Amino acid sequence: MLSDVQNLIELQKADREISRLKEEIAALPKRVAAIEEKLSGTKAGLEKAKAAVKTDEAARRKYETSIQDLQQKISKYRDQSLEVKTNEQYKALLHEIQFAEQDIRGNEDRILELMVNAETREKQVKAAEVELKAETAEIEKEKAIARDRTAEDEKQLAEWNGKREQARAGVNADLLRHYDRVAKFRRTGLAEVRDQKCMGCQVMLRPQTHNEVRAGQLVVCESCQRILYYDPAHEPPVAPATTTSRRRRAHPKFEASQAWYYRPEYGDSGEVYLSFINSGGSSTRRVYDIHTGRRLGDILMREGEYRLGFPEDLNDSIRLNGSWTEEEMDSWGDEMPMVVLDALQRDLDLARAESSGTTHLKEIPTTEHPAAS
């Protein structure tokens, strides 16, 4: 992997950690404020309960004072009743005494209600005091944890800032400007390639682009503009050899309209793959470099099926399995996809092993290869 890309990977990792730490540091004061707000609510509940107790006590004193005043009136009326001279005056004083006694009974009933409520009020106050004490202790604990977390985050933030500057120093200036520009709008300026896709925007890459990334070239995603990189460690695991050795390699059909061949030497091109397609009394030939998958030269067409049209190309060759349509091959452009290149290489390895007698295949009927023509 290129050093610029390695440094960009470290830079993006640092940027993500720095962003996370800043968000956490900013969130901690809000968390403490929420805790203190909850405590304020508990304090307000306690104050309300205490205020209710004081209100009831004031009302009780008011009713007790009223009773005393009424009792004094009754005493005064009784004294006056001893001095009246007419029956009407005496009856009037008795009525006043009865009204006063009725008011006394009403006030005594209200005092009794307040005494009953007082027990509930006391329980509410005690419960609020217990809750406040527990919450205060818990909140102090939470605030201490928040302070420690903030201190640790700030320490890590300083370390990651140092790593970030170190990584930035190791990246080409133009590449760094591109990374910063994309990261500003997309939060990340770098994306891994997996399954022929950009993992940043999930868009499929063209075969040539995919091969260039796998070859370690600096490539930018045409869709999201992120810088692309390939990590072979994330390739899917290769199936164990014991799985494939249970079945004999399928042989391509002789009469198939399409054929793939491997040539160890092909002029000045070295090792190549040859693709032939018969169609309408003529045949076409495509030549691909075995290592890069790039097409060599133009597509050549001759009269007759390929065995008659291109007999010189079949010397010292190995027949391979392959069933990609001509439309698919045209869509590849000047370079076959890596998945096709890998499939041909696997079949070539099997063909070589079979010819050398090292496969020790179990004798079972030959089955047609999934990619056989």
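Apart from neighbours within four places in sequence, arginine 286 is in contact (heavy atoms within 4.5 Å) with Tyr273, Leu274, Ser275, Ile277, Ile299, Glu326, Met329 and Asp330. The model is predicted, so local features need pLDDT of at least 70 and side-chain atom pairs count only at pLDDT 80 or more, whereas totals for chains, interfaces and linings use all residues. Residues are numbered from 1 along each chain as its sequence is written, and side-chain values use heavy atoms, with hydrogens and water left out.

Arginine 286 belongs to strand β7; strands (E, at least two residues) and helices (H or I, at least four) are DSSP runs numbered from the N terminus. Its relative accessibility is 2%, which counts as buried, the term for under 20% relative accessible area, with exposed over 50% and partly exposed in between (1.4 Å probe, protein chains only). The side chains of arginine 286 and aspartate 330 are joined by a polar contact of 2.8 Å. Such a contact is a pair of N or O atoms within 3.5 Å; within protein, one must be able to donate a hydrogen and the other to accept it, and residues adjacent in sequence count only if both atoms are side-chain atoms.

Strand β7 is part of an open sheet of 5 strands, with antiparallel pairing and the order β8-β7-β6-β5-β9. Two strands pair if DSSP finds at least two bridges between them. The edges are β8 (300-303) and β9 (318-320); each has a single partner strand, so one side of each lacks a neighbour in the sheet. On average, and with direction ignored, neighbouring strands of this sheet are turned by 30 degrees against each other. Axes here are lines fitted to C-alpha atoms, for helices over the stretch in contact, and angles run from 0 to 180 degrees between N-to-C directions.

Tyrosine 262 has isoleucine 318 in β9 as its bridge partner. Helix α8 (residues 338-356) packs on the sheet and touches β5, β6 (272-279), β7 (282-289) and β9, with its direction at about 130 degrees to that of β9.

Aromatic rings complete the picture. A pair of such rings is described by the distance of the centres and the angle of the planes. The structure holds 9 aromatic pairs. In one of them, the rings of tryptophan 324 and tryptophan 332 have centres 6.1 Å apart and planes at 65 degrees, so this pair is edge-to-face. The rule takes rings of Phe, Tyr and Trp (its six-membered ring) with centres within 6.5 Å; planes under 30 degrees apart count as stacked, over 60 as edge-to-face and the rest as tilted. Tryptophan 324 and tryptophan 332 are both buried. Together with Trp260 and Tyr288, Trp324 and Trp332 form one aromatic cluster.

Most residues other than glycine have a negative phi. Glutamine 196, in the loop between β1 (190-194) and β2 (197-198), has a positive phi near 65 degrees and is buried, at 14% relative accessible area. Glutamine 225, in the loop between β3 (219-220) and β4 (227-229), has a positive phi near 70 degrees and counts as partly exposed, at 35% relative accessibility.
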